[in-house]
Amino acid sequence: MWILYAFGSAFFAGITAVLAKCGIHDTNSRVATALRTIVVLIFSWIMVFIVGSFHEIATLYYQTILFLVLSGLSTGASWLCYFRALQLGNINKVAAIDKTSVVLTMILSFILFHETVNIYKIIGMILMMTGTFLMLEKKETNQKEDNHWLIYAVLSVVFASLTTILGEVGISHIESNLGTAIRTSVVLVMAWVVVFATNAQNSVKEVPKHELIYIFLSGIATGASWLCFYRALQIGPASLVTPIDKLSILVTVLFSYIVFHEKLNLKSFIGLMMIVAGTLIMLL
């Protein structure tokens, strides 16, 4: 059963980006992020009650709370940038760049926490970065727009890596699901602050119903991915669950072809295979 849960996690994580892009065609990306976070928050607290860690709130250290809040702010910034990148760019390319957050996180962990880097991780990082470069082949299109989505995608990676680093410190004395729920609560507050700060709150009423459905479905997909991943880790080996979960990029590419007709040429396909190979090698 753990294999089914692991593939379920990868599937839901993979379609999250596709559903999100469907929901931000005519919708402000900041508003979409704020609405989606509501659903994700519900799922994160469901996981807290499933594992029975709610009582730990009363025993939290101030340092833990501080780093969880900082991690939440980084998560919110990452999601805002990621949604904007999806809105402006090719979903396959955005997903490819998103995977490089693993590389940046490992580099920061080596610098800040002095974690060891073996030959497999080095090879994996090289493969992932090379594969991403191959998938970023330029097309005959508006160069200014391309630069915009690329900037947002890179910022999403930076903030995602900071989320992991800050989160690692924040959850050192707390159950991980409770830490995620607290962090997501911060994300929700931040997302709506950004909405009101940019005077985008009035556009909430103008969100097309079909896009609103996709936005909430993307939140449900994220929550479902978390639930499946947790269940798979609970009953299966982490060394096998994690690499299966990382294969979500294959699901994203498949559904982006079905839904948006975004095709991969030979160069991009080779790049995709290198990203997948690099991800798996780094887990050895």
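Helix α6 (residues 119–135) packs against helix α12 (residues 266–282) at an angle of about 160 degrees, with the two axes 7 Å apart. Axes here are lines fitted to C-alpha atoms, for helices over the stretch in contact, and angles run from 0 to 180 degrees between N-to-C directions. Helices themselves are DSSP runs (H or I, at least four residues), numbered from the N terminus. The angle makes α6 roughly antiparallel to α12, a label for angles over 145 degrees, with under 35 being roughly parallel, 65 to 115 roughly perpendicular and the rest oblique.

This is a predicted model, so local features need pLDDT of at least 70 and side-chain atom pairs count only at pLDDT 80 or more, while totals for chains, interfaces and linings use all residues. Residues are numbered from 1 along each chain as its sequence is written, and side-chain values use heavy atoms, with hydrogens and water left out.

Helix α5 (residues 101–113) also packs on α6, at an angle of about 140 degrees and with the axes 9 Å apart. That makes α5 and α6 oblique to each other.

| Helix pair | Angle | Axis distance | Crossing |
|---|---|---|---|
| α6 and α12 | about 160 degrees | 7 Å | left-handed |
| α5 and α6 | about 140 degrees | 9 Å | left-handed |

Which residues of α5 and α6 meet? Val103, Met106 and Ile107 in α5 meet Lys121, Met125, Met128 and Met129 in α6, where contact means heavy atoms within 4.5 Å. By class, this contact of α5 with α6 has 6 nonpolar, no polar and 1 charged residues. Ala, Val, Leu, Ile, Met, Phe, Trp, Tyr, Cys and Pro count as nonpolar, Asp, Glu, Lys and Arg as charged, and the others, Gly among them, as polar.

On to the loops. His114 sits in the loop between α5 and α6 and has a positive phi of about 60 degrees although it is not a glycine. His261, in the loop between α11 (248–260) and α12, likewise has a positive phi of about 60 degrees. Most residues other than glycine have a negative phi. His114 counts as exposed at 65% relative accessibility, and His261 is exposed at 61%; exposed means over 50% relative accessible area, buried under 20% and partly exposed in between (1.4 Å probe, protein chains only).

Definitions and conventions. Helix = DSSP H or I, 4+ residues; strand = E, 2+ residues; numbered from the N terminus. Left-handed = near helix turned anticlockwise from the far one by under 90°.
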